Amino acid sequence: MAMNAIDLPDARGHFGPYGGQYVPETLMALLEDLEAAYGKAKCDPEFWAELDRYLRDYVGRPTPLYFAERLTEELGGPKIYLKREDLAHTGAHKINHAMGQILLANRMGKTRIIAETGAGQHGVATATVAAMFGLKCEIYMGVEDMERQALNVFRMRLLGAKVTGVHSGSKTLKDAINEAIRDWVTNVEDTFYIFGSVLGPHPYPMIVRDFQRVIGVEARAQILEREGRLPDVLVACVGGGSNSIGLFHAFLDDADVQMIGVEAGGHGIASGEHAARFNGGDLGVLHGARIYVLQNDDGQIALTHSVSAGLDYSGVGPEHCYLRDMARTAYTYATDEEALSAFELLSHTEGIIPALESSHAIAHVCKLAPEMSRDQIVVVNLSGRGDKDVQQAARFIEGVR
Amino acid sequence: MTRIGRRFDDLRKAGRAGFVAYIAAGDPDLNTTYQMVLELDRRGVDVLELGVPFSDPLADGPVIQEASQRALAAGATLEGVLSMVADVRTETEIPIVLFTYYNPIHRYGVDCFVKRAADVGVDGVLMLDLPPEEGGDYIAQMNEHGLDTIFLVTPTTRDDRMKLIASHTRGFVYYVSRTGVTGERDSLADEIQSKVSAICQYTDMPIAVGFGISTPEHVSEIARYADAVVVGSAIVRRIGEFQCDADLVAKVGAFVGSLIGPLREGV
């Protein structure tokens, strides 16, 4: 397929009809400054050299591409490789874009960092890089998520961040984003907002993607070295879409590589309690971008449900919406129960406890494998480790049985 | 020209500043809002801003967030607000601006919304999270139906954008007097006067100043150099406090009367 995915978004931040800048006027100047600063950094080899150095020495990149032999045997289908983002410092891929953004904040002379977090992984990554550079840091988190992810709340505080609980709305990720934006429009002079996904107004979906792209760049080189050929299928979970775009992006021009994003099916689509925006959502405007959104007939944003806090969000990044329209990527979902089975399966077969988010991707591989042949190859993004989820999973697994 | 333009012409002739009141439509319910519109008209409000409730009001502080939640809980919808305007329009000529986030309009359909708004007697729309760059279709539709597109200028708006915003604004320019969300403040922000003069270089439209204005003293101060003063959270907070009171409408009316007082004394 001839497409210039690398050239997107356009100058105003649009991926076809998606994306853009739907924000209050106060933010327009800040976004303009950010775009200008990133534009400069992007063309500066020293910026990338500095980022690469931190990714290697501090984050631990490149992360391994691991052949999951026992899982492959268990499922009896294609060879399954795991891209081990769970082995990156702080235990998830979020550190990739947090590191890139804080280097940008330094260049812009900003002294205070804010971020939102759902599962807490982005909050932990942000608190980590803020601690490392000695910057003040405040993390907004829905109080429901704080309860689900108590361990990560403790980690962020240990790292010196102020964690502010958000009590409004559904008390989850979307409300944390609202509150972080409110902070940003108030503290316009000294504050840099480290966004946690390929969401929000332009230039964030572009910046976060560019910093996550390293996942796919590495995986592509690693699989070529191991197998001498490209994989048949890439699978990744999709909340806002940062880990999946990170894996997919470097493969977009490889027409034979199929890409599948897995959304949170919660209690099933029919129940209405899920976060599968491509299976029940439609076009809307949320948090600064025109994207697929779960909403009611009156345009009020719907509450979502997922066992995984990191996928529990009403919208999905604009580039995913566009790639789906182009039929370059496809999206499906896994339910809470399927994800929990996959959580257990990977733990048993490989000695790897995956994040509940990543477990959704594994769950889809379980469905996909029987339809594929043994000489095919699947690469799954293991976006995070599951230590943070153990309590939540225990509660749920006991509840189900 | 809409009712907004005519009202500002009258104000200019009378040599006084106008008073713009914001209330959250449907808080505590649409019947009360209907009564409130008539009360505020009687009290001398020059332009009424009706907030369309939205689940994720990211430019609003706690007072208007809570009002929005109350309105949604009471079943307010965009269509409900439009129907209420249609009803109240038979009884009053007060200029009405809908103050809204974009998603409910996007969902309703920009075309359908603008037609319906014109039909029911809305005069202008202020879309909080739709900058002119993204609003081409909306602006065209609004112009075609003779409705005013009101845009915001803020302390962070630079001269080049001020020019762009001024060129798309009809009715009045809304100057947001401080960075941050809506809400009451003890003191006024700095540099409001110089920003208002800066905006005047780009437009002949009236300039209204809002955000953080909560007392009669603030109102007098702003009225010295702006064409109109906007008060929102201070009114909405009282609607919240008095919502179980049988005299809710009269009490809020009396408070608004006290804010308008200073604007009339100079006449």
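## Polar links between the chains

Across the interface of chain A and chain B, the rule finds 25 residue pairs in polar contact, both at pLDDT 80 or more. A polar contact is a pair of N or O atoms within 3.5 Å; within protein, one must be able to donate a hydrogen and the other to accept it, and residues adjacent in sequence count only if both atoms are side-chain atoms.

This is a predicted model: local features need pLDDT of at least 70, side-chain atom pairs count only at pLDDT 80 or more, and totals for chains, interfaces and linings use all residues. Residues are numbered from 1 along each chain as its sequence is written, chains are lettered from A in the order in which they are written, and side-chain values use heavy atoms, without hydrogens and water.

## Salt bridges

The rule also finds six salt bridges across this interface. Each is a side-chain nitrogen of Lys or Arg within 4 Å of a carboxyl oxygen of Asp or Glu. B:R158 and A:E32 form a salt bridge, at 3.3 Å from N to O.

## Size of the contact

Chain A gives 36 residues to the contact, and chain B gives 36 residues. Contact means heavy atoms within 4.5 Å. The buried area is about 3,100 Å², with 48% from carbon and sulfur atoms. That is accessible area (1.4 Å probe) lost when two parts are put together, summed over both.

## Chain B

How much of chain B is buried? Buried residues make up 62% of its 267 residues. Buried means under 20% relative accessible area (1.4 Å probe, protein chains only). The C-alpha trace of chain B spans about 45 × 40 × 35 Å along its principal axes.

Notes:
Buried < 20%, exposed > 50% of the residue type's maximum accessible area, 1.4 Å probe, protein only.
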